[in-house]
Amino acid sequence: MVELADIIRQRIALAGPITVSEFMTEALNHPVLGYYRRGKPLGAGGDFVTAPEISQMFGELIGAWLAERWTALGSPRRVLLVELGPGRGTLLGDALRATRAVPGFHDALEPHLVEIHAGLRDAQRAALADHVTPRWHERFADVPSGAPLLLVANEFLDALPIRQLVRQPWGWAERMVGLVRESAKFAFASAPGKSPLAALLPDAVRAIDRFGSVAELSPAVTSLTSEIARRIAADHGAALFVDYGYDSGTNGDTLQALRAHKPTDVFEAIGEADLTAHVDFAAVARAARQAGAAVDGPTGQGDFLRDLGIETRAALLRRTASPAQAEAIDAASRRLIDPDQMGTLFRAIALRDPSLPPAAGFT
Ligand code: SAH
């Protein structure tokens, strides 16, 4: 069988080094062999664990968040409930179970899922069967417009491609993926000259003059954010993104590969390892505001979940739990909110049409 690594190798051999963004796009989204077409991302037998897979409380609290936004919108009779990259459907399943009693909410929901992995689409169908029958799309752009939008995306933006710049003595150059001539192994290389992308870096990042420093940009993240913000400004609605990343400046080189819960070399298991980058939340906020949405946050996942009442929710669950279950509930909530676990590195940011009041979770 043809290997994805060989397809990429051949492309580089024929046409020269490719950008980090092109490399990520091939590795993750290649129509047949890409990681997000056929990999096994989630769960104990997969490559990583996400917040909704750690505890039902995560999806339940986001359900309450969505129901509050729907109420703030004036309880419209039709609203598009969109999730980007729903994984195994766990978040939405918990969110819908937790909001069954909100009068009129479920009847108003028209669910649309953006997912490119056929196997995960099956898992999502099964997880949501008790609540809704969603429609699936390859891209957010294919989600119909014309009704208010409620959108949620957990650990989705980190899977979108980034471009990298590396500081050279003569300025910022684009970081490329090429081949070592003798071994045909993948290696990073610097494009010649200065990259015009440097003009898009925030001033403080562009001013870094330590040679070898790496800065990142994600046109994929900012254009998607703009598109969602434009939709929200035109049709009304709100969106919530939770992911790992940073609020200002740069985190340097954050491209990372993860396989079976362990970091691996980004060139090691192409198509069989997850490949991600930290999300630049300042860039997300800028793109959203420029496109006409108001922005709440970013804030740490710990503060966000505490503000939504995770401690009360945990106490309630503990009341009917065995001692072992109670211990597991405590461990899960610590994992979600502790600053040295997911509480600070993971950030939440919300978009809304400017006529809505600020969202819960950001006070
Ligand atoms: N939100 C889930 C899963 C996160 S993993 C959770 O929190 O558990 C990333 C998800 O996004 C997976 O479902 C993956 O298949 C999907 N995905 C990744 N890149 C995508 C793309 N470009 N378009 C659509 N879906 C994508």
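This is a predicted model: local features need pLDDT of at least 70, side-chain atom pairs count only at pLDDT 80 or more; totals for chains, interfaces and linings use all residues.
Helix α5, residues 56-72, packs on helix α6, residues 90-98, at an angle of about 55°, and their axes sit 7 Å apart. That's why we call α5 and α6 oblique to each other. The crossing of the two is right-handed. Who's touching whom? On the α5 side you've got Gln56, Phe58, Gly59, Glu60, Ile62 and Gly63, and α6 answers with Leu91, Asp94, Ala95, Arg97 and Ala98. In that contact, five residues are nonpolar, three are polar and three are charged.

The largest pocket holds about 800 Å³ of space. It has 36 lining residues, and the ones closest to its centre are Gly85, Val114, Ile116, Phe156 and Leu160. Our friend α6 shows up again here: along with α3, α4, β2 and α10, α6 supplies at least two residues of that lining. The largest share comes from α10, with four residues. By class, you're looking at 19 nonpolar, eight polar and nine charged residues in the lining of the largest pocket.

On to the second largest pocket, with a volume of about 430 Å³. Its lining counts 26 residues, with Leu217, Ser218, Thr222, Ala283 and Arg286 nearest the centre. Two or more residues each come from β9, α10, β14 and α11. Which element gives the most to this lining? That's α11, with four residues.

Notes:
Residues are numbered from 1 along each chain as its sequence is written. Side-chain values use heavy atoms; hydrogens and water are left out. Axes are lines fitted to C-alpha atoms, for helices over the stretch in contact, and angles run from 0 to 180 degrees between N-to-C directions. Angles under 35 degrees count as roughly parallel, over 145 as roughly antiparallel, 65 to 115 as roughly perpendicular and the rest as oblique. A crossing is left-handed if the near helix is turned anticlockwise from the far one by less than a right angle, and right-handed if clockwise. Contact means heavy atoms within 4.5 Å. Ala, Val, Leu, Ile, Met, Phe, Trp, Tyr, Cys and Pro count as nonpolar, Asp, Glu, Lys and Arg as charged, and the others, Gly among them, as polar. On a 1 Å grid over the protein atoms alone, a cavity is a set of points where a 1.4 Å probe fits but cannot get out, and a pocket is an open set with protein on both sides within 12 Å along at least five of seven lines; lining residues have an atom within 4 Å of a point. Grid points are joined across faces, edges and corners, and a volume is the space filled by probe spheres set on the points.
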